[in-house]
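Please read them with the structure open beside you.

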Amino acid sequence: MEAVIVNNLIKTYPAEKKSVVKALNDISFKVNAGELFGVIGPDGAGKSTLFRILTTLLLADSGTAFVDGFDVVKDYKEIRKRVGYMPGKFSLYQDLSVEENLDFFATIFNTSIRENYDLIKDIYVQIAPFKTRRAGKLSGGMKQKLALCCALIHRPSVLFLDEPTTGVDAVSRKEFWEMLQQLKKQGITILVSTPYMDEASLCDRVALLQNGAILSIDKPTVITAQFNNTLLAVKADNMFGLLQVLRESGLAANSYPFGEYHHVVMKDNISIEELGNYLNQKGCTTVNIQKANANIEDCFIALMRNE
Amino acid sequence: MRTLKFLLQKEFRQIFRDPSIIRMILVMPVIQLILLPLAANFEVKNIHLAIVDHDHSSYTRQMINKITASGYFQLVGVNSNYTDAMHLVEKDEADIILEIPAQFERTLVKESEAPVFMAVNAINGTKANLGAAYLQNIIRNYNQDVRLQWLQMPHLNDQPRIEITTASWYNPHMSYQLFMVPGILAVLLTMVGAFMTSLNIVKEKEIGTIEQVNVTPIKKYHFILGKLIPFWILGLIVLTLGMLVARIVYGITPYGNMVTIYVFAMVYLLAVLGLGLLVSTYANTQQQSMLIAFFLMMIFVLLGGLYTSIDSMPDWAKTITKFNPVAYFISVIRMVVIKGSTLADISRQLLTVAGFAIFLNGWAVLNYKKRM
C-alpha cells in the first residue's frame, strides 16, 4: 500500500514582472507505507513546497496528492490528524519549556504524553534533563530532538521532516538518522528532505529533485549503479590549476572538486594512462589518480548535466 | 473545550513570561494616564508679551498691571518703539506685541474711546488665537472698569447693557482632566485590544509556530478564541487599573454607573480585538503590523474627538468619525463619567459598536486561513 501518492503536482509562485517561478513542475511519485523516503535536492529545488502541499499548508495549482489514502485538498482535516510535520525552521514556542511544548502539542492532538510515551521515549530521555528549560535556550541538536518529539507525540502514520539536519553538527546528524531508522521499525512512513547528498544512502529510496522536477527516483544503490562512465579521483599539488587543466583537456566529460580530490567523469574510450600522461605533460606535479565509485552526488551532477 | 482551555493556559503562560508585555499592559497605561492629562492642556499660559508704550500715563500703567496680574502673560519687554518689539518676536522671545499710541490717556478721557494695536505671532495658531482672545478680554474688562469709575453710578444706565453669565453644566469647574482622562483611557484600551492582539498573532507567524500549529487538527475558532479571550481579559484589567488611577490621582469618580462603562467596554473590546485579528491576517511581520497600528492609531486619535471636538470638524471628517470605534468609546466614557448617562442613553453607540464587532470579526475570520 502507498502512504503517499503524488500525481502531476504543479505549483508556481509569482515572481517579479508578472513572470512565475515554477517551484514544482509536474511531479509524480509514490511512497510505500513504512518506507524511509528521501527527497534530495539543493536549496530552491522545491522540497519545502512539496512538503507544505502534502501537509495541507499550501494548495497546489494543479495535480492531486494523497496522504494515507486521503486527498490533501478535500480531506485535509483527516490528514492533519494523522501526519507529523517538522518544518525546516524551528517552530516551537521558544518561551515555553520543553515539557510545556510537548504537553501543548499532545493536547491539541487530543492525546497525552503518557499515552504515546513509548514512541518518543528513546528521543525524549536525551532531552529530559532539560525539560524545565525554555525551548529557545536549547542547543541546535536539542531543538531538533524536541521538534521531532512534538511531531511524533500523536503517533502519526506519516512523518514529514523538512531539512531536519540542516545546521546540525555531524554527530547530531548521525544520531538523528539513527533515530529515524528506529522510528521506521515502528511502522511509520517517513519522508525526509535534505540538501546533503551523503544522507541519501541512509534512505530506502530517494527522489532527486532539481528546479521543481524529479531527475531520478529509486533505491540509492540502484541510482549509483546506473552511473555508466568511468569515474576517477584525481589529486595534485596545485588543485586549482589541476581543475583548469582537466577542464581544458577535452578528455573529461565533466570534472568538479570533491573533497580533497577532484572527481573526473571520463569520456568513453579514454584510459587512465592517457589522462596521466596528459597531466604530466601539462606540468602537474605529484599527480595521484584512482578509480572512484560514484555516489549520489556524482549521479546528481551527471543527471543535472543531462537535463 | 479541553483544547481551548489548554490554548488559554499556554497563552497566559507566554504573556506572563514576557516581562515586556506585562510592562506594556500594566505600567504603560498607568504612566500615560498620570503624565498625559497633566502635560497636555488646552489652557495657554506664559504668553510672552512685549509692550510698546508711547503714552506712559497712569491709565496705561493701570492697564499693564491688569494684564500682567492676570497670570496668563509674562512681560518680556517694554520697548520704546515698535521695531524693537518686533525684533523680540523675530527672536521668538515675544508672542504678542501690544502697542499703546501716544496720548492714549488724553484721547480716552476726551473722546471716551482710544485705539490700541495688537500684533500676534501666529506660528503656533492655538497660542496666537487664545493669547489674542485673553488679551482682548482683559482690555475689555479694563475698559468697563474705567467707564464705571466715570459714570458714578447713575440710577438708570445711559447705555442699555447686556450682561452674560455662563453656567458650565456637568463639568462646573471646567476641569480639563475630567474631560481628558476618560478619553485617554479609551485610547489605551484600544491599543491593548487591537494592537497587542495583532502583534501577538503576527509574532507566531514570524517565528513559524503558526505553521506547526496549522498542521494540527486544532479548530480555527479554537485558535482564534484562544488568542482573543486573553486580550479581552487584559483589556478589562487595563480599564480597571485606569479607573483606579483616575480615582486616586485625579479624584474622578464616574457620575454614572460603573456597570454601564464595563458593559460598553466588553462589547467595545470585541470590536477592537476583531480589528487586531484582521490586521494580523494581512500583516506578515511584526514590523508591518506595527506600522499599520501606528497609521490607524493616528487616525483614530485625531479623528476620535480626544483632542479636537468632532462637532467642529468639516462634514467629510465627521463622516469618517462615524466609522471610528474609538470615537464612540471616547464619547460614551465621557458621557457616563461626566454626565452620568445610563445604558439607555448610550444604546445607539452600543449597538453601533456591536455592529463593528460583528463586521470586523466576521471579516477577520473569513480572511484567516490555516493554509498559506
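1. Chain B and chain A of this predicted model bury about 2,900 Å² between them, with 57% of it on carbon and sulfur atoms; buried area here is the accessible area (1.4 Å probe) that two parts lose on being put together, summed over both. The contact, meaning heavy atoms within 4.5 Å, takes 25 residues from chain B and 32 residues from chain A.

2. Across the interface of chain B and chain A there are three salt bridges, a salt bridge being a side-chain nitrogen of Lys or Arg within 4 Å of a carboxyl oxygen of Asp or Glu. One of them joins the side chains of B:R17 and A:E100, at 2.7 Å from N to O. The interface of chain B and chain A also has 13 residue pairs in polar contact, both residues at pLDDT 80 or more; a polar contact is a pair of N or O atoms within 3.5 Å, where within protein one must be able to donate a hydrogen and the other to accept it, and residues adjacent in sequence count only if both atoms are side-chain atoms.

3. On the side of chain B that touches chain A, the elements giving two or more residues are helix 1 (2-17), helix 7 (176-207) and helix 8 (209-214) of chain B, with helices (H or I, at least four residues) and strands (E, at least two) taken as DSSP runs numbered from the N terminus. Helix 1 of chain B supplies the largest share, eight residues.

4. Chain A is assigned domain 1 (2-218) and domain 2 (227-306), bounds that come from an automatic or database domain assignment. The centres of domain 1 and domain 2 of chain A, taken over C-alpha atoms, are 37 Å apart, and their contact takes 11 residues from domain 1 and five residues from domain 2.

5. Domain 1 and domain 2 of chain A bury about 650 Å² between them, 89% of it on carbon and sulfur atoms. In domain 1 of chain A, A:M197, A:L208 and A:L215 lose the most area to domain 2, together 68% of what that side buries. Across this domain interface the rules find zero salt bridges and zero residue pairs in polar contact (both at pLDDT 80 or more).

6. On conventions, local features need pLDDT of at least 70 and side-chain atom pairs count only at pLDDT 80 or more, whereas totals for chains, interfaces and linings use all residues. Residues are numbered from 1 along each chain as its sequence is written, chains are lettered from A in the order in which they are written, and side-chain values use heavy atoms, with hydrogens and water left out.
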